Amino acid sequence: MKVQFTETVLRDANQSLIATRMPFSAFEPILETIGRAGYYSVECWGGATFDSCLRYLNEDPWVRLRKIKEKLPHTKLQMLLRGQNILGYKHYPDDIVRKFVQYSVGNGIDILRIFDALNDLRNIEVAVDETKKRGAHASGTICYTTSPVHTLEKYQQLAKQLESMGVDSICVKDMAGIMGPQEAYDLVKAIKETVSLPVILHTHCTTGFGPLTCLKAVEAGADVIDTAISCFSGGTSQPPTETLVYAFEQLGYEHSIDTKVLKEINDFFKPLKEKYLADGLLLPKVLGTDTDALTYQVPGGMLSNLLAQLKNQNALDKFEAVLQEVPAVRKDLGYPPLVTPMSQMVGVQATTNVLLGERYKSIGKEVQSYVRGEYGTPPASIDPALQKQVLGEEQPFTGRFADTLPDGFETAKAEIGDLAECDEDVLSYAAFPAIAEKFFQHRREQENNCAHYTIIELDD
Ligand code: CO
């Protein structure tokens with residue numbers, strides 16, 4: 001029996017606890033040590049890190065990746081990719097998705113964990129295909145949620161489809177931390193019985209389930225679990241690496257972790273955590289356990305967004321009513337998993353329904369696109385009355401939305417002009433136009449301090 005570990009401190013723990021605000025300079029000194037710990041992989045890029053680098057940290061995300069690779073040449077670097085949404089919130093054309101994958105691999109990524117919020121696998125197939133072509137590891141992802149249509153059979157079907165797509169492993173992604181230990185056991189077992197690929201479990205400690213869920217998932221045959229070095233673990237982050245290493249060791253599992261090195265890593269991050277607590281960037285609230293997500297079946301991040309929205313509208317007294325409305329809206333929309341961008345769409349619509357005192361008196365623009373089929377196929381059918389209200393006599397779109405998009409790379413390249421110094425810049429611009437442009441301008445003003453690019457040649 002063997003278990004392997006993916007360290008998340010540089011990406012998900014960073015994103016979940018301190019809104020992805022850790023600059024490269026803060027963790028640079030510990031990278032070589034991380035390389036000696038014996039991790040299966042280090043999740044260090046993608047997700048919100050890209051946006052945050054450009055928007056808040058004045059860092060070039062591609063340069064960050066290359067510098068990480070330099071210090072961690074023998075460790076598998078992992079990123080999170082939102083399928084056809086790349087690292088943003090809308091669907092991008094295929095040529096941009098392919099180039100993004102090419103350059104991610106070319107700049108140092110070994111494993112791409114690729115997901116679609118609706119588990120509509122048509123939205124990840126181009127990214128998976130390109131990952132394979134570039135010789136990297138494609139980890140096909142299943143977003144976990146609960147609903148009458150999310151049965152074990154449904155998840156087994158998804159696993160089978162991923163296997164036929166040619167993925168190298170399957171990740172079960174519980175972004176909300178609502179998966180209980182028994183659910184994890186049953187699900188991992190069902191997937192293991194269906195496909196012969198390595199299974200990875202990703203969860204969060206938000207509701208307190210984290211370590212129990214990892215334990216039962218590994219008992220059921222999960223090969224890899226995601227954990228965060230202890231001082232950046234718990235709360236909305238992952239379960240603690242050290243604790244789980246010790247626990248699995250006691251239970252007789254083999255692993256390749258050097259616990260002395262983990263201690264060095266944790267000792268390095270401890271003062272950083274203290275600093276973020278003192279700065280107010282790390283709120284004690286996110287380190288606690290919040291079981292409300294289990295009561296309401298609403299992810300923790302979504303709960304705080306709803307509270308903020310209602311506070312803005314001076315309507316905090318409507319909180320309970322909105323929470324009651326969320327499951328109703330989710331049902332009408334065909335039970336989408338509550339992950340970005342669906343969690344925001346469902347939350348805003350539920351709030352609107354309650355504040356206007358009438359269901360769907362006003363329907364958000366994104367919800368309308370969703371009902372039109374532009375995000376993909378919902379897990380279950382959309383409520384017919386709602387569909388009729390949005391579409392009238394029109395039929396919903398049932399194709400793959402990216403097929404309707406013209407190629408975008410050359411257009412983006414022409415638009416940004418010589419502010420872009422390489423293809424990676426064009427991709428940054430395509431992903432986050434306004435923010436990237438501002439970043440390039442700033443970089444130009446500081447020309448003398450700016451490290452010049454090595455353009456990585458990729459053979460097509
Ligand atoms: Co996560």
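Tutor: Happy to! A salt bridge here is a side-chain nitrogen of Lys or Arg within 4 Å of a carboxyl oxygen of Asp or Glu. The structure holds 32 of them. This is a predicted model, where local features need pLDDT of at least 70 and side-chain atom pairs count only at pLDDT 80 or more, while totals for chains, interfaces and linings use all residues. Residues are numbered from 1 along each chain as its sequence is written, and side-chain values use heavy atoms, with hydrogens and water left out.

Let's begin with E59 and R64, whose side chains meet at 2.8 Å, N to O. Buried means under 20% relative accessible area, exposed over 50%, and partly exposed in between (1.4 Å probe, protein chains only). E59 is buried because its relative accessibility is 14%, and R64 is buried too, at 2%.

Next, R66 pairs with E424, their closest N and O atoms being 3.6 Å apart. This pair links distant parts of the chain, 358 residues apart: R66 sits in helix 5 (residues 61–71) and E424 in helix 21. (Helices, H or I, have at least four residues and strands, E, at least two; both are DSSP runs numbered from the N terminus.) R66 has 16% relative accessibility, so R66 counts as buried; E424, at 0%, is buried as well.

K192 and D223 also form a salt bridge, with closest N and O atoms 2.8 Å apart. K192 lies in helix 9 (residues 181–194) and D223 in the loop between helix 10 (210–219) and strand 8 (224–227), so the pair ties together parts 31 residues apart in sequence. K192 is partly exposed at 28%. Finally, salt bridges that share partners join R98, D129, E130, K133 and R134 into one network.
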